[in-house]
Amino acid sequence: MKQRGRRLPPHNDPRVQIRPARDSDAASANDAVNAIAAEKWYLATVDGFSLEETRTFLRKVVDGALPQVLAVVEDEVVGFCDIIPNTAQGFTHVGRLGMGVRSAWRRQGIGRRLLDACLTLARNAGIEKVELEVFTDNLAAARLYESFGFSEEGLKIRGRKLENRYQDVKLMALWL
């Protein structure tokens, strides 16, 4: 399929498996998160996480049956999405969304598949509201969230300054 001379990416690549995280995914998940963090402009962290931090996080997710899914191709994690419930009294109805897709795998519908699967898990876990922060210059991510019904709840003007560049941070939420 072509559009204006450009090959359209497959939206259901059979090699991409969307599934819950496993303890054995720690090294590949760590590599994926750190690769996206190294791009600097998409995740809140630019430093990434140590392998031990990732192992600890995945243990918490698996042991707590928390909403998280990975996009995996031949044992390589190419994307992730999690909705971590707030544990503070009065806020336990809210979960915080985090997600990312490796650059080589973007614009293939993987983010949409991850978000859809993770929102289903969040609903089943009794989460009522999903909140997120997205940099306003990350137009593709903002459009994805809007397409699922997320709405803007606020804006942090010049919320981040990195390498002498400001980024506004849009606060978005979805009631499940």
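This is a predicted model: local features need pLDDT of at least 70, side-chain atom pairs count only at pLDDT 80 or more; totals for chains, interfaces and linings use all residues.
Residues are numbered from 1 along each chain as its sequence is written, and side-chain values rest on heavy atoms, with hydrogens and water left out.

Side chains of opposite charge can pair when their charged atoms come close. With a salt bridge taken as a side-chain nitrogen of Lys or Arg within 4 Å of a carboxyl oxygen of Asp or Glu, the count comes to 13 salt bridges. One of these joins the side chains of D31 and R102, with an N to O distance of 2.5 Å. Since D31 belongs to helix α1 (residues 26-38) and R102 to the loop between β6 (94-101) and α3 (110-124), this pair ties together parts that are 71 residues apart in sequence; helices (H or I, at least four residues) and strands (E, at least two) are here DSSP runs, numbered from the N terminus. R102 also forms a salt bridge with the side chain of E76, at 3.6 Å from N to O. In this case E76 lies in strand β5 (residues 76-85) and R102 in the loop between β6 and α3, so the contact links parts that are 26 residues apart in sequence. D31, E76 and R102 are thus linked in a network of salt bridges, in which D31, with a relative accessible area of 44%, is partly exposed, as is E76 at 33%.

A further salt bridge is formed by E133 and R96, whose closest N and O atoms are 3.7 Å apart. Because E133 lies in strand β7 (residues 129-135) and R96 in strand β6, the pair ties together parts that are 37 residues apart in sequence. Both partners are partly exposed, E133 with a relative accessible area of 37% and R96 with 45% relative accessibility.

Strand β4 (residues 68-73) is mostly covered, 6 of its 6 residues being buried. Q68, L70 and V72 point one way from β4, whereas V69, A71 and V73 point the other way, and all are buried. Two strands are considered paired if DSSP finds at least two bridges between them; accordingly, β4 pairs with strand β3 (residues 17-20) in the antiparallel sense over 4 bridges, with V69 of β4 as the bridge partner of P20. β4 and β5 also run antiparallel, joined by 6 bridges, and here Q68 stands opposite D82 in β5. These two strands, β4 and β5, form a hairpin with 2 residues between them, and E74 in the turn has a positive phi of about 50°.

Helix α3 has 15 residues and reaches 21 Å from its first C-alpha to its last, close to the 21 Å expected at 1.5 Å a residue, the expected span being 1.5 Å times one less than the number of residues. The buried residues in α3 are I110, G111, L114, L115, C118, L119 and A122. Seen down the axis of α3, the buried residues fall within an arc of 155°, so they line one face of the helix, the arc being that of the directions from the helix axis to the C-beta atoms. α3 is followed by G126, whose phi is positive, near 85°.

Technical notes: Buried means under 20% relative accessible area, exposed over 50%, partly exposed in between (1.4 Å probe, protein chains only).
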